[in-house]
Amino acid sequence: MADGYKYDRVLLKLSGEALAGDQGYGIDPKVVDRLSEEIAEIVRDGVQLAVVVGGGNIFRGLAGSAEGMDRAQADYIGMLATVMNALALQDSFERHGVFSRVQSAINMQEVSEPYIRRRALRHLEKGRVVILAAGTGNPYFTTDTTAALRACELDVDCLMKATKVDGVYDSDPAKNPEAKRFDRITYMDVLNRGLNVMDATATSLCMDNDVPMIVFDLTKQGNIQAALKGADVGTVVE
């Protein structure tokens, strides 16, 4: 096990919005740069890391379908947006000395490898960060579900869900100042309470395959490493 860390192999789920920073759209180079610095330190310490990235900073399939676009077509556009984010992350990681590979669920051999589970595992074992793009390759599935699926496939010790809040609350902390944060909660409680942590498909996948999840605030520098070392920086769902 990496010295001082609680988990050996982890999957980090990043929303596309996280890469946009305060500008709300596109890719903020300062945000990606800070993220790369944190990830470089973790990887140098020996943690195996896979990343699933969303595309909401460029295009959201649900929003497109709400405007009258065919849902499947809109979702494919959203998947292509995740590939752009993945390539931006790869560029930044490698400028920070982190070897990485982009694997896409939609075949794009000029810019990425196809997603092949055994190849992804081999990259992780060699200390490369694997950036997983294009969702599952299927419409109607969210990047949360992709993260849960890949976490199960790659046999990770923990799924880290990076958000803009510091954990799971019993109600929306932005609307209710009395909202209570959970230190730990079960997947069944999340489902029964209808808490908006991940969609039900993703939650059920993690629950059925005993993959614990940490929901934490990405905007605070050092939180990824702190969470991996077992510090109280979010909510553990198991």
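**View A. A nonpolar surface patch is formed by I27, I58 and M84.** Together these residues have about 240 Å² of accessible area (Shrake-Rupley method, 1.4 Å probe, with only the protein chains shown counted as cover for residues). Patches are made of residues with over 30% relative accessible area and no salt bridge, with nonpolar side chains (Val, Leu, Ile, Met, Phe, Trp, Tyr) joined within 5 Å and like charges within 9 Å; a salt bridge is a side-chain nitrogen of Lys or Arg within 4 Å of a carboxyl oxygen of Asp or Glu. I58 lies in the loop between strand 2 and helix 3 (61-66). With a relative accessible area of 36%, I58 is partly exposed (buried is under 20%, exposed over 50%, partly exposed in between; 1.4 Å probe, protein chains only). The model is predicted: local features need pLDDT of at least 70, side-chain atom pairs count only at pLDDT 80 or more, and totals for chains, interfaces and linings use all residues. Residues are numbered from 1 along each chain as its sequence is written, and side-chain values use heavy atoms, leaving out hydrogens and water.

**View B. Q90 is a buried residue of helix 4 (residues 71-95).** Helices (H or I, at least four residues) and strands (E, at least two) are DSSP runs, numbered from the N terminus. The relative accessibility of Q90 is 18%. Leaving aside residues up to four places away in sequence, Q90 touches S100, R101, V102 and I131 (contact: heavy atoms within 4.5 Å).

**View C. Helix 6 (residues 143-153) has several buried residues, including D144, R150 and A151.** Their cover includes strand 1 (9-14), strand 5 (129-133) and helix 8 (200-208). After helix 6 comes D155, with a positive phi near 55 degrees.
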